[in-house]
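Hi everyone, thanks for making time.

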Amino acid sequence: MLKTTLAGLRAHKLRLLLTSLAITLGVGFIAGTFVLTDTIEAGFRQKFAAAADKIDVVVLPAEDGGRERQAVGADLLEKVRGVEGVADAQGVVRGTAALIGKDGKAAGDYPTSAISIPEGRLNRTEITGGAAPRSAAEAVLDENTAKTRGFAVGDRITVLDSKNVKHEFTLVGLFDVGVDQALAYSGAVGFTTGTAMKMSGEKDFRKIDVAAAEGVTAETLRASVATALGTGAQVETGAKHAEELAAANGADTKILTLGLLLFGLVAMFVAALVIYNTFNILVAQRTREMALLRCIGATRRQVFGSIVLESAVVGLISSVLGLLTGLGLGAGALAVIGRTGLDVPTGAVALAPRTVAVGMVLGIVVTVAAALLPARAATRVAPIAALRSQVEEQTFRTGVVRVAFAGLFLLAGVGATVLGVTQDPGEAALFTVMGGGALTFLAVLILGPVLVKPLSALVGWLPGRLFGVPGRLAVDNSQRNPKRSATTTVALTIGVTLMTLISVLTATLRVTYNAKLDEQFPVDYLVASQGDQGTLPRALAEDLRARPELASVVALRAASAKIGKHGEFEVGTFTAAADFTPKAATGSFGDLKPGTAALADYVVKDLKVEVGDTIAVKTTEDGTVQLKVVATFLGENALLPEVTVPEQDFDGYFGRLGDGQIIADVKDGVAEENARRAVEAAAQPYPTAKVSSSTEIRGEFDEALDMMLMIITGLLGLAILISLLGIANTLSLSVHERTRESALLRALGLTRPQLRRMLSVEALVLGVIGALVGVALGAVFGWAATTTMTTGVVFQLPVPQVLAFVALSGLAGVVAAVLPARRAARASIVGSLASG
Amino acid sequence: MTITGEVGAWNARGNAASAVVARGLTKVYGQGDAAVHALRGVDVSFETSAFTAIMGPSGSGKSTLMHCLAGLDAVSGGKVHIGDVELTGLNDKQLTLLRRERIGFIFQAFNLLPTLTAEQNIRLPLEISGRKADQDLFDRVVETVGLRDRLGHKPTELSGGQQQRVAVARALISKPQVIFADEPTGNLDSRSGAEVLSFLRTSVRELGQTIVMVTHDPVAASYADRVIFLRDGLLVSELMRPSPQSVLDTLMKLEA
């Protein structure tokens, strides 16, 4: 039996290859994910280990009941230096100090980081040009910031200290930020340790790096430093600290791995459907072969075994190919990442034993599992079938059991979805809807064969009229084996459903977000301090109010304060302006008089209070004050602080703080560029004041959404590709099955192009059916999902995109039919009539 | 070779009204040592409105001859005319159109498309060529083969005999210059076979149809006006107004 199976496989190499391709792609994607993330992780590990070489012992903030204290007291440094066996100890300073760009404004969206660069072997940073700073008048910049801001060694640079006072330095060198993603993101200025503390305003160290004297091991030194410091700090060897850093970083790559694997699993599920269908068709076609085997004495078990064995061989081969594909995909992705200039360290690209194991097991298990049902069908072939001259067409009748099961799933699915939609937005609702979606999808999967007929009649209406006889025959063919057509199209449906869902989600979120912005108040300009850190002088808002181009200017101020026993909240206020009246959900902002407060809806929930209740706010200037709640508002779409108090009260509670944000509206009829110029001019004297317009904010949001849409679409593309392989596979097997039928049609006068067209139309119908079901499911569940994410959803069906999905699916189906159709058209009529 | 000459002379008689004519027809499969000469130079003509049977032992080349005559297979040498059209120079598209317009087919098995009803199957050749069915002719043909009450059925719901009758009707409906039938009764019991054969003969007598039938069954051949015999790719004998016995005798002589 083994020999028969293997001989059969050898005889049908092409069929084997087509079948394998689906699994190969799925396994390839999963293996590629592992290769990519493993390589990145190895790269990080290497870099961390290299950095740790220089440092023997690290003194870290003591852990304080789970809440880490952020800093190591500066006083500890002298203590450490006094410990025997310490050759050198340096405090590591890390804060912010905004670099001023050549335009006089703070550079970048976030202030640059300020770091200390010690001399000697404890210098962690790699100076790549010039020298390290040696005096209070010298500074260094990271390479990237220097390049983008146009500074070179020898230039004078201006940096703001923590009180926004300008200081000038000579740029004496450039350095590489290495694996520190935070520094790479913000950009960094390096100073001597003392200057770094002054500029950043930090009084303490992040940690203290310690170098051992000659002959002292890291572990010995760790013990003696720990003894000297007692419980005031946590002391670790450099090597262990590096490992911890690498592990923390690994947690980040884990999220990437998980996200990618999710798409990989979708692809594998689609591949399983393709394999299931392929084996089903193969078994149907080989009925006589099976029957012959049974005639000459093969048991049912042996027939079953031969199919399972065949699938195992297919699984094995495709998994091996998949691993190789994965290696290629991983390397390709790394090359792309390298080209985009992202500073991601990489080790050698390699297949970890785990990757091989997961890939092989998944590939083989999925293939064999998908082939089990077809294998069972093969055992039902009666020996007598070998003697029948004509293979009977499989007829399909809508069974009661099928409809009952589908009904149950559908009911459960719809029920869960309705439940999720009517729930308050939140994770629980989202998961309920997701469960409902999965159940409904199962119902569609079960009901597929029943749906195929009416749907193909619908979809085939136009082609049937447009393409004459070939068109009508194609539509008939697409209905003749509903089970097969359903499985083929469901594979495509999965991809299209997810794509539609994502595009509905993004379109809806986009419009909803914009609508909320508009509803709240049409903000034209937002002036905020760089990176939302620190405040802006009140004079800026005054200046803006004086500009004739602007209609209303509102300043928002906030401070952090404890409320009762509930922890810290953002307590703030807004300045009054003519056109600005915030909307209250309950109560009224008109009642916002001294001694009262308005709360965001989520704060109301947290504090378990309602309008009329009183809250206790711990202020800095006025002790704990009792405030009466007079209004609540929707927190997520208001710019207001979550606890809003009257303007005069705020100064009394927290002192005359600066403005956090200033929002400004342009007067009607003022040209966009004039208004912009006015706002920019007002902000010019304040380097950290960053101006953004609502169109910019929307643009950024749009861009982020578009990016997400693109990435997800790209990742789902794989599942779509696999389902297209499925269509090609089904068609080519159908073509094989209908060899004599095609020959008959050719004998009766169907030309080759007509025969090809017939198969193309069949593929078109299958593709469009799959897409239609997918679009319907995707749109419904896209809508359901958005209602669970936020309130006041403005549903959007991105019609052009959805139409494009349908059109592309049809087109893709036609492309998938090209090769099978060519083979069918090329076959000799005489030879085909004789076969079978 | 002597026999060829003899038969050639027989065929030269009265082919003024020939529907199909073949001259010096050869067909070789494969190349070199593996070459199989299926037809070694066949001259034959088939009269219009006549029912001709082609007979011969297995491997004599009778099916190959039919395939070559019908433009289903390319010839290696010689010429074939269907009416005034020469087949040998035509490309695939022209051949296809010729089959569509001028030739009808009845095969031994698998004559019908399983997805279409009997009526749709009958009308299929006309639909493919975009012609309108002559309703009178359709009714007459359906009446002749006795399928009136079966028109809405799919092939799987018809008996073997009924399926072949649908095939006969389909071949007749487009009024082709010639119908080629390849063992049309090979899969049928004798009663259904007799039915189909009498329909074929009726269509020759009453509709003036030309039919060329390949068969190995002497009884089936006896329905024809004329039987020609092939052996080893050569035309070796001919019989006019055959009876089952005379066909059998000729075959016995050839097998010997």
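Let's begin with the largest cavity, whose volume is about 100 Å³. Eleven is the number to keep in mind for its lining: of those 11 residues, A:T4, A:T5, A:R286, A:E289 and A:S306 are the closest to the centre. Before going on, a word on what you are seeing: this is a predicted model, where local features need pLDDT of at least 70 and side-chain atom pairs count only at pLDDT 80 or more, while totals for chains, interfaces and linings use all residues. Residues are numbered from 1 along each chain as its sequence is written, chains are lettered from A and ligands numbered from 1 in the order in which they are written, and side-chain values use heavy atoms, with hydrogens and water left out.

What counts as a cavity? On a 1 Å grid over the protein atoms alone, it is a set of points where a 1.4 Å probe fits but cannot get out, and lining residues have an atom within 4 Å of a point. Grid points are joined across faces, edges and corners, and the volume is the space filled by probe spheres set on the points. Searching the whole structure gives seven cavities of 30 Å³ or more.

Back to the largest one. In chain A, α1 (2-11), α9 (287-295) and α10 (300-339) each supply at least two lining residues; helices here are DSSP runs of H or I, at least four residues, numbered from the N terminus. The lining has four nonpolar, four polar and three charged residues.

How is the lining of the second largest cavity divided by class? Eight of its residues are nonpolar, four are polar and none is charged. This cavity holds about 80 Å³ of space, and α13(A) gives the largest share of its lining, five residues. Among the others in the lining are A:I769, A:G770 and A:V773.

Now to the two chains. Contact, meaning heavy atoms within 4.5 Å, links 22 residues of chain B with 23 residues of chain A. Across this interface there are three salt bridges, each a side-chain nitrogen of Lys or Arg within 4 Å of a carboxyl oxygen of Asp or Glu. A:R746 makes a salt bridge with B:D92, with 2.8 Å between the closest N and O atoms.

Notes. 1 Å grid on protein atoms, 1.4 Å probe; cavity = no way out; pocket = protein on both sides within 12 Å on 5 of 7 lines; lining within 4 Å. Nonpolar A, V, L, I, M, F, W, Y, C, P; charged D, E, K, R; others polar.
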